[in-house]
Amino acid sequence: MKKLPNSRLRKIRTWEPGEKTFQLIGSGKNNESISLIDLASNDYLGLSQDPRLIEAAHKTMISEGLGAGGSRLVTGTRPIHIKLEEELSKWLGLERVLLFPSGFQANLAAVSALANRKTLVIADKFIHHSLLMGIKASGAKVKRFAHNNMDDLEKLLQKCELNKQTQPPLVITESLFSMEGTSPDIREIALLCENYQARLLVDEAHSLGVLGNQGRGLCHGISKGITMISGTFGKAFGSGGAFLATNNTVGEHLLQTSGAFRYTTALAPPLASAALEALRLLKANPNKGKRLQEEAMVWRSELANQGWNCPKGIGPIISLEIGTDEGSLKKQYELEEHGLLTIAIRPPTVPEGTSRLRVIVRSNLPTNTLKKLLFHLGEKQ
Ligand SMILES: Cc1ncc(COP(=O)(O)O)c(C=O)c1O
């Protein structure tokens, strides 16, 4: 096995979540826990600690037990799965929703359902590893377009029209890139796909609950050009598990053919129940995501005032590029000493030479967190 330099090694650290801070277990000088403000998790709305979600999961656990004990097509389907699928489908305005135990798995299923050895996949340069694994497993040929670059995407679509593919190409992108914090113009991508008769898969893992009309993601309200979206409950929804949403025809194809749907234990009912409660909370408070977005824009402009190249994007993920692995890790540890948790993101997660700090703006942060961050982060060197 190739030996990695120290700055590339990953280690598992253990956390105890609290209402406002995370306890990093056993990492103080005398092995005690230290308390850090969470500017790193994807729990954007703080729902993972919300008593209403916990109560919903608890009630389901008491009435139905913990695990589903079977796959969806054998004995694993419970009324809570059907309710969640139906309510999500209404909320998103898409005909069919199918649940999966994780977003990674949903993405594998999505690509496998839409691509095979004869397909040309045209994918953004920065799509998530799970989508890449899906492409690999499908055996499809793949071409990448420069990140969020519509001209580049159109050139590839034009080329494939000239080459007369035997089946429509599949374009894959995300609506909020988790390591960049950026979002493409989904409406324009959908239009391009419609014009060139391509299919489009959009991973909305980080947008749902936060971006788009009432937090319903950036695909919401686009009536043509989008074939399927994937979403997860492990981020803004504060629970776990995931789903694919599409039209009836593609949904039925998924149900009948997807091994990733069929040959796995159904999503644990308490998690489904917490996800449904999160959905209901979002429906009752439709401006939660918008308020977080506004807060994130304040953070962006304050960081820019302090010399951090105005970080791109509209959502709660702010990527502060530092360049070197060592520099990013040093900043992470310095901030930890001052009670702030942000994570240094290094290759292979991001391209060589672009190591960065990933700062997450969350809606239940203590007051003055931004002030504290600006003070301890300092100006960009
Ligand atoms: C863009 C994106 N898609 C999919 C996933 C996988 O979701 P899950 O955590 O539910 O497996 C992630 C999680 O890291 C992600 O960032």
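This is a predicted model: local features need pLDDT of at least 70, side-chain atom pairs count only at pLDDT 80 or more; totals for chains, interfaces and linings use all residues.
Helix α11 was examined next. This helix covers residues 288-305, and its 18 residues should span 26 Å at 1.5 Å a residue; the C-alpha atoms at its ends are 26 Å apart, in agreement with that expectation. Its buried residues are K288, G289, L292, A296, R300 and L303. Viewed down the axis of α11, these residues fall within an arc of 110°, and they therefore line one face of the helix. An α-helix has 3.6 residues a turn, so residues three or four places apart point the same way. The buried residues of α11 pack against α10 (269-284) and β11 (317-323), whereas E294, V298, S301 and N305, on the other side of the helix, are exposed. After α11 comes G307, which has a positive phi, near 95°.

A further site of interest is L176, located in the loop between β7 (170-174) and α7 (186-195). L176 is buried, since 26 other C-beta atoms lie within 10 Å, and the cut-off for burial is 20 or more. When residues up to four places away in sequence are left out, L176 touches S183, H206, S207, L211, G315 and I317. By contrast, E161 lies 15 residues from L176 along the chain, and the C-alpha atoms of these two residues are separated by 28 Å.

Notes:
Residues are numbered from 1 along each chain as its sequence is written. Helices (H or I, at least four residues) and strands (E, at least two) are DSSP runs, numbered from the N terminus. The expected span of a helix is 1.5 Å times one less than its number of residues. A residue is buried if 20 or more other C-beta atoms lie within 10 Å of its own, exposed if 12 or fewer, and partly exposed in between; C-beta atoms are placed from the backbone. The arc is that of the directions from the helix axis to the C-beta atoms. Two residues are in contact if their C-beta atoms, placed from the backbone, lie within 7 Å.
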